[in-house]
Every structure is written in structure tokens, then in C-alpha cells.
Amino acid sequence: MVEARDVDEAIRLHKVATMAAATDPRTGAIDLDAIQVGTSAQDRFELQQQGNALLGVLRVYKTKNVRVLQVLNKYNAGQSESSNKIDLAQLKKVIQRLEQNERLRVNDWLQDDPIISIINTDDV
């Protein structure tokens, strides 16, 4: 039989779990986007900033096709702080976001060094 104290404990545990899941570990602020969208507002902001920085790197190229590793090296070379440098996995996330915004395309991530096709280098 379920008693009132069991219900109270279940509600308390639910609140604690929600609070833990919604708290951004970097800021300590509650961010319900982490639960509703699956990504915190801070993560989405950083991804957008990285995307705009990547588009800045791509504006330098005269051609519309460039290798991913070449772009990664140029991106990281342009970062003054080592904490702003990204690895290939993070670059892939940035590129996927830019693909969603129709700024560029990568045809085959299974290749060792795929080619980025530049569509539009305007900031997102």
C-alpha cells in the first residue's frame, strides 16, 4: 500500500533528479533547455560561436572545396587560447550544424580526410 510519505519521497526524488539534470555544470545555473532540447543553451551558443569562427576561416579560401583536416588546422591556428581549439569530433559537430543551416556540405565522413563544399559563408 502506498502511503502519503512514499508519495512525498517520490516527489522529492523527482525534484532532485530534475534539478541535477537541468543544472549546467559550468555555470551552476538551471537550464531547462538541457532537458527539453537535449543541449544546454550555453552549448548551443558555443557551437554557434565556433560555427561563425569556422565560416570566418572558410572565407579565406578561394575555392569552394577544401579538406576537413586543412580547415581544422587553420581553425586551431587562429585560436589565441588553447581552450578554444577543437578536435575532429567537435569540428564534425560544428560542420553538422552548419550543414543544417545550409552553409556547407560534407559528402562522406567515412573518408580519412573528407571534402567540405562551401555553399554560403555568411554568419549564422
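**Contacts and a pocket**

Student: Which residues does Gln50 touch, not counting residues up to four places away in sequence?
Tutor: Gln50 touches Tyr75, Ile86, Gln90 and Val94, where contact means heavy atoms within 4.5 Å. This is a predicted model: local features need pLDDT of at least 70, side-chain atom pairs count only at pLDDT 80 or more, and totals for chains, interfaces and linings use all residues. Residues are numbered from 1 along each chain as its sequence is written, and side-chain values use heavy atoms, with hydrogens and water left out.

Student: Is Gln50 buried or exposed?
Tutor: Gln50 is buried, because its relative accessible area is 16%, and buried means under 20% with a 1.4 Å probe and protein chains only.

Student: Which residues line the largest pocket?
Tutor: The lining consists of Thr39, Asp43, Arg44, Glu46, Leu47, Gln50, Gln90, Lys93 and Arg97. A pocket is an open set of points on a 1 Å grid over the protein atoms alone, where a 1.4 Å probe fits, with protein on both sides within 12 Å along at least five of seven lines; lining residues have an atom within 4 Å of a point.

Student: Which helix gives the largest share of that lining?
Tutor: Helix α3 does, with five residues; helices are DSSP runs (H or I, at least four residues), numbered from the N terminus. Gln50 is found in α3.

Student: Changing topic, what lies over the face of Tyr61?
Tutor: Lys74 does, at 5.6 Å from the ring centre; the criterion is NZ of Lys within 6 Å of the ring centre and within 35 degrees of the ring normal.

Notes. Helices (H or I, at least four residues) and strands (E, at least two) are DSSP runs, numbered from the N terminus. Buried means under 20% relative accessible area, exposed over 50%, partly exposed in between (1.4 Å probe, protein chains only).
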